[in-house]
Amino acid sequence: MAQRKSRDDRRIDLIEAARRAIIRHGIDGVQLSHVAEEAGLTSGAVLYHYPDLSELLVEAQHAGMERFYEQRARQLAALTDPAEKLVVTVRSGLPTGPLDPDVRLLNELGGAAGRNRVYGVLLTSLYDRQVSMYQAILDTGAALGVFKLSTDSLTIARNLVALEDAYGYRITARHPVIGPDEAAELILSYARTATGNDLTR
């Protein structure tokens, strides 16, 4: 006999269904019926867990963002060398390819941020946290003598996140000569100049 899913498990399933629906229909086009179809449920069952569809859509967007801060922070916690941390951070901030679902979600969110204050706040928060992550690596590296920064760490960190975003978009837009490896190398070329380190790790 199949075990009935817990409320928390059902909500996780609905968040994943909402993410798929957003990718398929766009953040402005997604409807309750789309989420229900992706989840294999009735619209009423979706509303039982999320009476407000907008709340579910925000949770779906937040879940997609976790990879670009929380997961990266956990990965970096196991490393000690600032140069290695910087290389890992650059590489882990890019799409895996044109169909990367988390980045496609962020692109949808970015397109709607000007029309929806909540989405704008989510994106701004993610950007600021990513900048802080880079800045901590840069400051640590400078303090240890591993980096000789060309300017202040905040400026470099902001530029690194901006490059992530720009090249990430190029990848999802299927640029013919810019894939994840090429984009990482382009960002690292700036990071080498900015840190005075060859970043060969």
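Hi everyone. Let me begin with a definition: a crossing of two helices is called left-handed if the near helix is turned anticlockwise from the far one by less than a right angle, and right-handed if clockwise. Keep that in mind while you look at the structure above, which is a predicted model.

Let's start with helices α6 and α10. In general, two packed helices are described by the angle between their axes and the distance between the axes. Here α6 spans residues 82–92 and α10 spans residues 180–195. Their axes come within 9 Å and cross at roughly 145 degrees. So which hand does the crossing of α6 and α10 have, left or right? By the definition I opened with, this crossing is right-handed.

Who meets whom there? From α6 we have Leu86, Val87, Val90 and Arg91, and they meet Asp181, Ala184, Ile187, Leu188, Ala191 and Thr195 of α10. Sorted by class, this contact holds 7 nonpolar, 1 polar and 2 charged residues.

Now for the cores. In soluble globular proteins, nonpolar side chains tend to be buried together. In this model, the largest nonpolar core has 27 residues. The ones that touch the most other members are Leu86, Tyr134, Phe147, Leu160 and Leu199. Which elements give two or more residues to this core? They are α6, α8 (117–143), α9 (153–172) and α10. The biggest giver is α10, with 6 residues.

Take Leu199 as an example. Leaving aside neighbours within four places in sequence, Leu199 is in contact with Ala83, Leu86, Val87, Phe147, Leu188, Ala191 and Arg192. Apart from this core lies another, of 25 residues, and its members include Ala17, Val46, Leu106 and Tyr119.

UniProt, in an unreviewed entry, lists residues 8–68 as "domain: HTH tetR-type". That span is 75% helix and 0% strand, with its end C-alpha atoms 23 Å apart. The "DNA-binding region" annotation, also from an unreviewed UniProt entry, covers residues 31–50. Over residues 31–50 the chain is 75% helix and 0% strand, and the end C-alpha atoms are 13 Å apart.

Please find helix α2, residues 32–39. Its buried residues are His34, Val35, Ala36 and Glu38. What covers them? The cover includes α1 (7–25), α3 (43–49) and α4 (53–65). And just after α2 comes Gly40, with a positive phi of about 70 degrees.

Notes
Residues numbered from 1 in each chain as written. Predicted model: local features only at pLDDT ≥ 70, side-chain atom pairs only at ≥ 80, totals over all residues. Heavy atoms only, no water. Buried < 20%, exposed > 50% of the residue type's maximum accessible area, 1.4 Å probe, protein only. Helix = DSSP H or I, 4+ residues; strand = E, 2+ residues; numbered from the N terminus. Contact = heavy atoms within 4.5 Å. UniProt positions renumbered as here; feature names shortened; annotations may be inferred. Axes fitted to C-alpha atoms, helices over the stretch in contact; angles between N-to-C directions. Nonpolar A, V, L, I, M, F, W, Y, C, P; charged D, E, K, R; others polar. Core = buried A, V, L, I, M, F, W, Y, C linked by side-chain atoms within 4.5 Å.
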